[in-house]
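This briefing goes through one protein chain and its ligand, topic by topic. Please keep the structure open while reading.

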Amino acid sequence: MTMNTPVDIVLVDDHAENLLALEAVLSSPDYRLISLKSGEDVLRYLMREDMQNVAVILLDVQMPGMNGFETAKLIKKRERTKDIPIIFITAINKSVDHVLQGYEAGSIDYLFKPFHPDLLKLKVEAFVQMHRFHRDQYDYLESLVRERTQELIIASEERVAWEKEMAKLDRLNLVGEMAAGIAHEIRNPMTTIRGFLQMAKKNKTMADEYIDIMLEELNRANGIITEFLSLAKNKATNFQTMSLNDIIASMEPLIQAEAMLSGMHLHVNYGSIAELAVDDKEIRQLLLNMAINGLEAMQPGGAFTISTYMEGAAVVLKLEDQGSGIKAEYLEKLGTPFFTTKEKGTGLGLAVCYSIAARHQADIELQSSDQGTVFAIKFKGA
Ligand SMILES: Nc1ncnc2c1ncn2[C@@H]1O[C@H](COP(=O)(O)OP(=O)(O)OP(=O)(O)O)[C@@H](O)[C@H]1O
Ligand SMILES: [Mg+2]
């Protein structure tokens with residue numbers, strides 16, 4: 001609503017000629033005059049119309065049926081209409097009694113017949129100004145409330161996302177620190193065992209096949225520790241400026257071979273992208289972990305697609321599979337170390353990917369359905 005919207009003024013008198021007189025005096029492009037014949041008509045009108053726009057009601061006191069005071073009482077009773085100012089128009093005695101009765105009913109002003117046209121105009125205009133002032137205040141407050149509410153909604157959505165992100169990082173940091181602490185302690189005894197096993201093999205004091213199994217298991221344990229260690233937050237990284245496309249190209253044959261072994265296809269869409277400061281070993285690791293997850297999720301015939309492209313200033317690495325997807329209830333746990341749904345999985349692959357992305361200040365966005373899963377790793381541009 002603007003300053004220029006006409007305001008409503010309700011005129012009530014049982015005599016048509018009185019209404020005409022009021023209309024003549026008050027006629028103005030700033031007002032919309034609503035002329036009514038009785039108290040009942042006013043109540044009916046106020047029942048269905050939008051009250052916000054009524055600036056004042058001019059109410060004849062002496063009317064057949066419901067008189068002006070009774071009508072005013074009912075108007076003041078209703079929450080929605082109680083604040084609308086009323087000017088009583090009366091010719092009857094100006095005794096204090098009557099005036100008081102009017103005030104009790106919630107009247108705000110009086111006009112005595114025969115009224116002076118300029119006085120009437122001035123009074124009505126005073127109420128209109130007041131109404132406009134309140135309406136603008138109200139509109140302003142309402143717009144403030146609307147803005148603030150919107151801000152609060154956005155802020156709380158952001159906070160929830162942020163807290164989830166922090167919780168994930170906290171988990172990562174914790175295991176990272178634990179990893180650094182215990183890995184050393186575990187590796188030492190393993191080195192000793194490996195040494196004795198190699199000695200036993202040399203001296204032929206134990207069957208070779210047992211020894212080989214044990215060595216293999218030791219290697220596997222060692223591999224897990226190496227991977228676990230790479231979760232450390234402060235792990236040293238070696239950033240160099242290069243294109244992700246070159247890293248993907250160096251991995252393509254390996255992933256291609258993996259895919260072919262299980263009857264799947266690999267597609268690569270090299271986009272024209274900006275160079276980035278990255279640790280190429282880490283990006284290789286991320287690519288491989290995600291590619292293996294994708295291939296493991298698919299049936300023979302499925303395709304795994306790697307794409308690179310720009311999104312604004314960000315470089316995006318998109319990895320898309322046609323696998324079975326990730327169940328909604330697992331999404332929260334994704335990236336938590338040792339979370340796996342696979343019989344022989346370790347549950348470290350994605351945790352490593354998330355920590356690599358964090359070290360590269362990249363966001364990982366994920367979409368999954370029973371048609372497949374898309375990981376989009378977004379590297380903020382320089
Ligand atoms: N592309 C994908 N499609 C479907 N499920 C996936 C995909 N990527 C990850 N997952 C789910 O997330 C879990 C965790 O993945 P993650 O790579 O961390 O561990 P893993 O593959 O089980 O074991 P590993 O440590 O050997 O990689 C998987 O067990 C699987 O349930
Ligand atoms: Mg995996």
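A residue counts as buried if 20 or more other C-beta atoms lie within 10 Å of its own, as exposed if 12 or fewer do, and as partly exposed in between. By that rule, 25% of the 382 residues of the chain are buried. The model is predicted. Ten helices and twelve strands make up the secondary structure of the chain. Among contacts with a separation of 6 or more, 71% join residues 24 or more positions apart.

**Strands β1 and β2**

- Strand β1 (residues 7-12) and strand β2 (residues 31-36) run parallel and are joined by six bridges.
- Between β1 and β2 the chain passes through helix α1 (residues 16-26), and this β-α-β crossover is right-handed.
- Within this pairing, D8 is opposite R32 of β2.
- T5 lies in the segment before β1.
- T5 is exposed because 11 C-beta neighbours fall inside 10 Å, and 12 or fewer is the cut-off for that class.
- T5 and D30 are 25 residues apart along the chain, yet their C-alpha atoms are separated by 7.2 Å.

- A right-handed β-α-β unit is made by β3, helix α3 (residues 68-77) and β4.
- β3 and β4 pair in the parallel sense over four bridges, and L58 has I87 of β4 as its bridge partner.
- On β4, a parallel pairing with strand β5 (residues 109-112) also spans four bridges, with I87 opposite D109 of β5.
- Strand β4 (residues 86-90) is largely enclosed by the rest of the structure, because five of its five residues are buried.
- The burial covers both faces of β4: I86, F88 and T90 lie on one side, and I87 and I89 on the other.

**The annotated residue D60**

- An unreviewed UniProt entry places the feature "modified residue: 4-aspartylphosphate" at D60.
- D60 is in strand β3 (residues 54-60).
- D60 has 24 C-beta neighbours inside 10 Å and therefore counts as buried, the cut-off being 20 or more.
- Leaving aside residues up to four places away in sequence, D60 touches V12, D13, D14, N18, G68 and I89.

- Strand β7 (residues 265-269) and strand β9 (residues 303-311) are parallel, with five bridges between them.
- V268 has I306 of β9 as its bridge partner.
- β9 is also joined to strand β10 (residues 314-321), here in the antiparallel sense and by seven bridges.
- Y309 is paired with V316 of β10 as its bridge partner.
- β9 and β10 form a hairpin with two residues between them, and G312 in the turn has a positive phi of about 65°.

**Surroundings of ligand 1**

- Ligand 1 is surrounded by 22 residues, the closest being A297, T340, G345, G349 and L350.
- Helices α8 (280-297) and α10 (349-359) each supply at least two residues of this shell.
- The largest share, four residues, comes from α8.
- By type, the shell residues are eight nonpolar, twelve polar and two charged.
- Which helix holds E296? E296 is in helix α8.
- E296 counts as partly exposed because 15 other C-beta atoms lie within 10 Å, a count between the buried and exposed cut-offs.
- E296 and D321 are 25 residues apart in sequence and 9.7 Å apart in space, C-alpha to C-alpha.

- F338, in the loop between α9 (328-331) and α10, has a positive phi near 70° although it is not a glycine.
- F338 is partly exposed because 13 other C-beta atoms lie within 10 Å.
- Q361 is another residue other than glycine with a positive phi, here near 50°.
- Q361 lies in the loop between α10 and β11 (362-369).
- Q361 has 10 C-beta neighbours inside 10 Å, so it counts as exposed.

Note on methods
Residues numbered from 1 in each chain as written. Chains lettered and ligands numbered in written order. Predicted model: local features only at pLDDT ≥ 70, side-chain atom pairs only at ≥ 80, totals over all residues. Near = placed C-beta within 6 Å. Nonpolar A, V, L, I, M, F, W, Y, C, P; charged D, E, K, R; others polar. Pairing = 2+ DSSP bridges. Right-handed = clockwise from strand over helix to strand, strands pointing away. UniProt positions renumbered as here; feature names shortened; annotations may be inferred. Contact = placed C-beta atoms within 7 Å.
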